[in-house]
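Reader: Hi! Could you walk me through this model in plain words?
Author: Happy to, here it is.

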Amino acid sequence: MFTPTEFGKVSVLVPENGGTVPFGNTVVVHGSERTLVIDPSLSLDRDPVGADLVFISHGHEDHVAGLRHFQAPTYAHNLDAPSVASLDTMLTNYGLRPEERAEVEHSIAAQYGIPPTHDDVSGIADGHVFDLGDRTATVIHLPGHTPGHCGLLIEPDGFFYVADIDLTSFGPMYGDLGSSVDDFLASIDRAAGIDARWYGTFHQKGVVEGSDEFRRRLTAYRDKLLSREERLVQFLGEPRQLEDIVAHRLVYRPHVNAPYVDAVERRTAQLHLQRLVAAGAVVTLEGNVFRRA
Ligand SMILES: [Zn+2]
């Protein structure tokens, strides 16, 4: 169940819970020739608009949960099309240990109902333009969250869908094998440079109006990422191993308990350590121990 909200010829289908995981805001673009659906969420129990094509911003379960209801050709960035097409590939990209993977696989199957494979998924690249008649949707590659994470700029409405650059107070997520902090920061900068009237996110922050407000929120979102790095530098006043940092936690609060938490913390810590070592702010000691320089 969802409530549509209109922004020019763009409809955002807001789920009852406002778009918090496991749900999200599906976007529909009503072109004069073709109707495009972006990121069909778990809130859909059918194709509500007779889509001519579907675009998936990236290969994560919450963005493909409703795809099974669609018969239309499906597109995603070349780097994420394999994880949209195959649940097994998606799970592999999470970098889980075997026992964690079994648990995550079970919970995704139970919660999202994603089939093992999706047919008719094509990879496209940055700058690809979907011609919808009187509307176009241009692919803006915004990697970092995943390697193929993309936004779409809908014109002439001026609606920029930024997917999981989701502006939440939780902050950016980059816990997959293919995630990158540097790419995420560059994507935030790229998104900030795009003028639009509306900026649509997949989750609970919904649609932000105006580029000034969007940039203000992006700055706070970026600061959240950098504050994790500062906390890590503080923690490395004493020599620590990677697993100490995983247990200390940079992303999740201590009480959060889920089978994917350690994998996300591990990957996040590794990415920040790489940056800090490269910058000379952290040194690696014998026995895989890290310490502030
Ligand atoms: Zn995601």
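Reader: Great. What should I know before we start?
Author: This is a predicted model, in which local features need pLDDT of at least 70 and side-chain atom pairs count only at pLDDT 80 or more, while totals for chains, interfaces and linings use all residues. Residues are numbered from 1 along each chain as its sequence is written, and side-chain values use heavy atoms, with hydrogens and water left out.

Reader: Thanks. Which domains does the assignment give?
Author: Domain 1 covers 2–223 and domain 2 covers 230–292. Those bounds come from an automatic or database domain assignment.

Reader: How far apart are the C-alpha centres of the two domains?
Author: The centres of domain 1 and domain 2 are 29 Å apart. Their contact takes 18 residues from domain 1 and 14 residues from domain 2; contact means heavy atoms within 4.5 Å.

Reader: On to pockets. What volume does the largest pocket have?
Author: About 870 Å³. A pocket here is found on a 1 Å grid over the protein atoms alone: it is an open set of points where a 1.4 Å probe fits, with protein on both sides within 12 Å along at least five of seven lines, and lining residues have an atom within 4 Å of a point. The volume is the space filled by probe spheres set on the points, which are joined across faces, edges and corners.

Reader: Why does the largest pocket lie between the domains?
Author: Because domain 1 and domain 2 both give residues to its lining.

Reader: And how does that lining split by class?
Author: There are 13 nonpolar, ten polar and five charged residues. Ala, Val, Leu, Ile, Met, Phe, Trp, Tyr, Cys and Pro count as nonpolar, Asp, Glu, Lys and Arg as charged, and the others, Gly among them, as polar.

Reader: What about the second largest pocket?
Author: Its volume is about 210 Å³. Of its 13 lining residues, Lys224, Arg231, Leu250, Val251 and Arg253 are closest to the centre. Helix H6 (residues 211–235) gives the most to this lining, with four residues. By class, the second largest pocket is lined by five nonpolar, three polar and five charged residues.

Reader: Switching topic: which residues touch the most other members of the largest nonpolar core?
Author: Val54, Ile56, Phe70 and Ile108, in a core of 26 residues. Helix H2 (81–85), helix H3 (87–93) and H4 each supply at least two residues of this core. A nonpolar core is a set of buried Ala, Val, Leu, Ile, Met, Phe, Trp, Tyr and Cys residues joined through side-chain atoms within 4.5 Å.

Reader: What does Ile108 touch?
Author: Not counting residues up to four places away in sequence, Ile108 touches Glu61, Leu87, Leu91, Tyr94, Gly113 and Ile114.

Reader: Is Arg266 buried or exposed?
Author: Arg266, in helix H8, counts as buried at 9% relative accessibility. Buried means under 20% relative accessible area, exposed over 50%, and partly exposed in between, with a 1.4 Å probe and protein chains only. Leaving aside neighbours within four places in sequence, Arg266 is in contact with Arg97, Glu100, Leu242, Glu243 and Val246.

Reader: Let's talk backbone. Where is the cis bond that involves Pro22?
Author: The peptide bond from Val21 to Pro22 is cis, with omega near 10 degrees. Pro22 sits in the loop between strand S2 (10–15) and strand S3 (26–30). A cis bond also joins Glu155 and Pro156, with omega about 10 degrees, and Pro156 is in the loop between strand S10 (150–155) and strand S11 (159–163).

Reader: And what is phi for Ala163?
Author: Near 55 degrees, a positive value in a residue other than glycine. Ala163 lies in strand S11 and is buried, with a relative accessible area of 0%. Leu167 has a positive phi too, near 60 degrees, and is buried at 7%.
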